[in-house]
Amino acid sequence: MGKIIAIANQKGGVGKTTTTVNLAAALGVLEKKVLLVDADPQANATSGLGLESDKVEKSTYQVPEHSIPAKEAITRTNSPNVDLIPAHIDLVAIEIELVDKKNREYMLKTALLDIKDDYDFILIDCAPSLGLITLNALTAADSLIIPIQCEYYALEGLGKLLTTIKSIQNLHNPDLDIEGMLLTMFDARLRLSNQVVSEVKKHFHNMVFKTIIQRNTRLGEAPSHGESIIAYDATSKGAVNYINLAHEIIKKNSDG
């Protein structure tokens, strides 16, 4: 059975979508079958894999409310072994439309049950908020990756996110685990970057991935070409970092 991993942090600009897209691509080239679910109305993961979100007809908008089965919303991507349920701007409306629905927190979980066995990993790119869409993602997920940028406000809001996770574990998803905290945008030349790494590791120990994502120009360029960093520049630091992260996640999950 596949593992569902949400990538979430209510703080924007931490490398969340960059991580979702490039981790999916890295797992794919390591011959894992991956589904990326774009649960962010900004649809950056969708465009980052080469699809125009405004031309998407079947998307994560229809899936939680079960107007179409999840399988019908899946589209192939150019990344080897990576499928996508794309997002559309209409996803913004789902917060309002689901608010009166019974079991509204479990809509995405129920929708993904039919396809969970078809993949090794299902990655959910969450919106930079703790709204109903993100709540659905965290209720559906087996585990969570929290990207943390190596900058001054790195730990800002992290306490709130961890409190939310605890609440979701208590109310909706007792099996939700933290897959790991991922340090992103690391610049070895900056004392601040090194201080943040030290601080996060001091507080969270083994919860922090060994792999650190370095600040890399090529990582920033790849989405404008509708490609993952693996396809855009496989020899770049960014590509090597995400391949290493994929290896780390595969090893962690094969070790049981």
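Arg218 is partly exposed, with a relative accessible area of 30%, where partly exposed covers the range between buried, under 20% relative accessible area, and exposed, over 50% (1.4 Å probe, protein chains only). The structure shown is a predicted model, in which local features need pLDDT of at least 70, side-chain atom pairs count only at pLDDT 80 or more, and totals for chains, interfaces and linings use all residues. Residues are numbered from 1 along each chain as its sequence is written, and side-chain values use heavy atoms, with hydrogens and water left out.

The side chain of Arg218 meets that of Asp233 in a salt bridge of 2.9 Å, N to O, a salt bridge being a side-chain nitrogen of Lys or Arg within 4 Å of a carboxyl oxygen of Asp or Glu. Because Arg218 belongs to helix H9 (residues 217–221) and Asp233 to the loop between helix H10 (229–232) and helix H11 (237–254), the pair ties together parts that are 15 residues apart in sequence. Helices here are DSSP runs of H or I with at least four residues, strands are runs of E with at least two, and both are numbered from the N terminus. Asp233 counts as buried, at 16% relative accessibility.

Side chains of opposite charge can pair when their charged atoms come close. A search of the whole structure finds 14 salt bridges, and those that share partners join Lys16, Asp40 and Asp125 into one network. Another salt bridge is formed by Asp118 and Lys71, whose closest N and O atoms are 3.5 Å apart. This pair links distant parts of the chain, since Asp118 sits in the loop between H5 and E5 and Lys71 in helix H3 (residues 70–73), 47 residues apart. Asp118 is partly exposed at 33% relative accessible area, while Lys71, at 51%, counts as exposed. Glu52 and Lys55 also form a salt bridge, with 3.4 Å between the closest N and O atoms; here Glu52 is partly exposed at 48% and Lys55 is exposed at 60%.

The loop between helix H5 (107–113) and strand E5 (121–126) also holds Lys116, which is buried with a relative accessible area of 10%. The side chain of Lys116 is joined to that of Asp142 by a polar contact of 3.1 Å, a term that denotes a pair of N or O atoms within 3.5 Å; within protein, one atom must be able to donate a hydrogen and the other to accept it, and residues adjacent in sequence count only if both atoms are side-chain atoms.

From this loop the reader can turn to the sheet. Its 7 strands form an open sheet with mixed pairing, in the order E3-E4-E2-E5-E1-E6-E7, where two strands pair if DSSP finds at least two bridges between them. Strand E3 (75–76) and strand E7 (177–184) stand at the edges with a single partner strand each, so one side of each is left without a neighbour in the sheet. Strand E2 (residues 34–39) pairs with E5 in the parallel sense over 6 bridges, and Val37 has Ile124 in E5 as its bridge partner. E5 also runs parallel to E1, to which 5 bridges join it, with Ile122 in E5 as the bridge partner of Ile4. E1 in turn pairs with E6 in the parallel sense over 3 bridges, and the bridge partner of Ala6 in E6 is Leu144.

In a regular strand the side chains alternate between the two faces of the sheet. Strand E1 (residues 3–7) is mostly covered, with 5 of its 5 residues buried: Lys3, Ile5 and Ile7 lie on one side, Ile4 and Ala6 on the other, and both faces are covered. Among the helices, H6 (residues 132–140) has 8 of its 9 residues buried, so this helix is largely enclosed by the rest of the structure; the buried residues include Leu132, Ile133, Asn136 and Leu138.

Two loop residues carry a positive phi without being glycine. Ala43, in the loop between E2 and helix H2 (44–48), has a phi near 60° and counts as buried at 2% relative accessibility. Asn103, in the loop between helix H4 (94–97) and H5, has a positive phi of about 55° and is partly exposed at 47%.
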